[in-house]
Amino acid sequence: MIKGYAGRILDVDLGNRSFAFRPLDEDTARLYLGGKGYGTRLLYDLTPPGIDPLGPENPLIFATGPLNGSLAPQSNRFAVICKSPLTGGIGSGACGGSFAFGLKKAGIDILIVRNQSATPVRLEIDGDRDSVTFLDASDLWGQGARATQAALGKGRNHAVIGPAGENLVLYAGIVSDERIAGRTGVGAVMGSKHLKAVSVTGTRKLELEDPEKFNDYTKWLRKLFRAHPVLGEKLRRYGTMGIVNTTNARNILPTRNFKLGHHPDAMDVSGEYLEDHGLVGVKSSCIHCPVACGREVTVEGVGRVKGPEYETAALLGPNLEITDLRWVNEWNELADDLGMDSISLGVTLGFAMELQEKSLLQSGLTFGDATGISAMIRDIAHRRGLGNDLADGVKRMSERHGGADFAMHVKGLELSAYDPRGSYAQGVEYATTSRGGCHVQGASMYFESTGPLTIDPQSLRLKAEIPVVQQNLACAINSMVLCIFTTYGMIPKQVHELDPKSRLYRTITYFFERSGPMYRLITKLKLRPLTWFEQWLTYVTGQTFTSGHLQEIGERIFNLERMYNLREGLTGADDTLPHRMRHESTFPHLDSGHPLDQLLPTYYRIRGWDARGVPLQRTLDRLKVRT
Amino acid sequence: MSITVELTYDLAKALGVRRLELEGTPTLRQVLQATRDSFGTEGATFDKLTRVTALVVNGVIASRSQDTPLQDGDRVSFLKAAAGG
């Protein structure tokens, strides 16, 4: 077996309560690494087209990669793959915490859970004994993620669902420690199987090809990360909420259901404000992470809990015209404990408020008024009353009540908290990303709106190229499986110290904007390992990885996801942005929104797809994508 | 003509206000100077806290031409790079 892998897939059938260990396929690992890539390959091969995402045929795949179980910083993540009940296409989530580490210690690369149990069940996996125990989980059914994990104890690593997953909320997530695989409804799929929790234990050691070089390099890198202005300073000090004031200044902070991109009091939900008002500690619940971006806050009646991330603060804050951090903290904690995606939740609440405003639905929820929101979040998780409606997300709500023009989703997945009207590359990324309107499948906005060296976010230059390169890279990272935050370290400290008003800054961005095909060519080069992703993989597996290899693997995964979506009935017409994003302007100098129609043909061409967004056969052949 | 200047968190903390409403400052350069003046003898603090920032007008970076004329009601912000998500 290639080093870095445990070499085993655990295949569990909840219907007849059986299990089997199967060998990991080396060829597939070479082509798709692991994590999201390997998981997508399995999903494609194991399922026929058109299955019900909440039916027994939909497998729930927990997948690690070659770096999980090592000491690589931010290698604590696992991917979850299934057909999404929210989008009908590829469903995937990634989660920190400790479950990935536990799986690898148990000698398991991938866990496939098939079929459904008739009654609530939980799994205990012992990797040392090669055993799987099916236990009654009736006593835990209805419990929140926090209480469930407390009841399961500290001796094992857990992945659990809360009431939202049990009640098939279409944006329910899977929780490990205080982190959540939130997007695309993977928790609802786990709930449909009546699977409350998976606990895993083991003491196996991961074999590395060159452990000495790996350890020396990692030790050096930890120092580099600690001294880095983002990883060692900003994220460490302010968490991800440290970006609020930046997106607000850029006019891309979702406000009033994305009607606006700026809120005058957004500062009150920023990381800087939190540091001075209510921060009680730093949460570093992800194993081996030197960054510790998690915040710790106090919620009345609950105690010290993990605080909100940027997305949550923005979408449960200014997006609802709320800037009282105490409310945001409370709703964030509720979403985490009930086990649901706070991004989709925030967008859905904002949509319900605008429906109320336009008299399309008597939701009782109004912008700027916190009354009733806590109760509504609980009702969503338990599908009670109007909560049952909101539990289906904005796409389905707009089909029932109208308001499609301001239903903020792509492919059914609610938009993340970067308004693409002031971040054109991010808009192309939202429109084309396989799982829908998500920001962590590329994070293109870093190059045009939020990072230390940004090009003009509203010119058309490089706005099709950046998403392609970033989506490919993100696919590879999500298959190793690493936290995408490590990519921030790729911009050296010196760049962060450049004054945006300086001639040098302007010169660099001028040439970067105009680099076009050269930019893509450089990223495709297969010279030698440069970044830590490439170095780590090389030291762990013994195979040489370069930027070009990662782009190729990522492109392969992205195209396989695309083929899965096409197989399930999605088309190029789904590569779009909400009407509001394309036709309403939030900038006084523009009279329209995002110019997606001008950028999409270029994006398709770069991808090697036809005009309808279908990968050409020669593209699939070049990438060795079997369909 | 009224211009709103939104301060960064650090600037706001140092000055004790979050935003300034300026009258009669028709260019970005004048806005910058008026904002610095509002720090009185603490001008060095202002310089330090704005060293690696861009100037943004209504969400669009404008630091390339500080003589750009402003319009009544424009919002000027100081932009700091950040990361997160």
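Author: Two strands pair if DSSP finds at least two bridges between them, and strands (E, at least two residues) and helices (H or I, at least four) are DSSP runs numbered from the N terminus. This is a predicted model, in which local features need pLDDT of at least 70, side-chain atom pairs count only at pLDDT 80 or more, and totals for chains, interfaces and linings use all residues. Residues are numbered from 1 along each chain as its sequence is written, with chains lettered from A and ligands numbered from 1 in the order in which they are written.

Reader: OK, in which sense do β1(B) and β5 of chain B pair, and over how many bridges?

Author: β1(B) pairs with strand β5 (residues 75-79) of chain B in the parallel sense, over three bridges, and B:T4 has B:R75 as its bridge partner in β5(B).

Reader: And what joins β1 to β2 in chain B?

Author: Five bridges join β1 (residues 2-6) to β2 (residues 19-23) of chain B, and these strands run antiparallel; B:L22 in β2(B) is the bridge partner of B:I3.

Reader: Switching to chain A, at what angle do α12 and α14 pack?

Author: Helix α12 (residues 325-338) and helix α14 (residues 373-382) of chain A pack at about 10 degrees, their axes 10 Å apart, where axes are lines fitted to C-alpha atoms, for helices over the stretch in contact, and angles run from 0 to 180 degrees between N-to-C directions. That makes α12(A) roughly parallel to α14(A), a label for angles under 35 degrees.

Reader: Which residues meet there?

Author: Among them are A:W331 and A:L334 in α12(A), and A:I373 and A:I377 in α14(A), contact requiring C-beta atoms, placed from the backbone, within 7 Å.

Notes:
Angles under 35 degrees count as roughly parallel, over 145 as roughly antiparallel, 65 to 115 as roughly perpendicular and the rest as oblique. Two residues are in contact if their C-beta atoms, placed from the backbone, lie within 7 Å.
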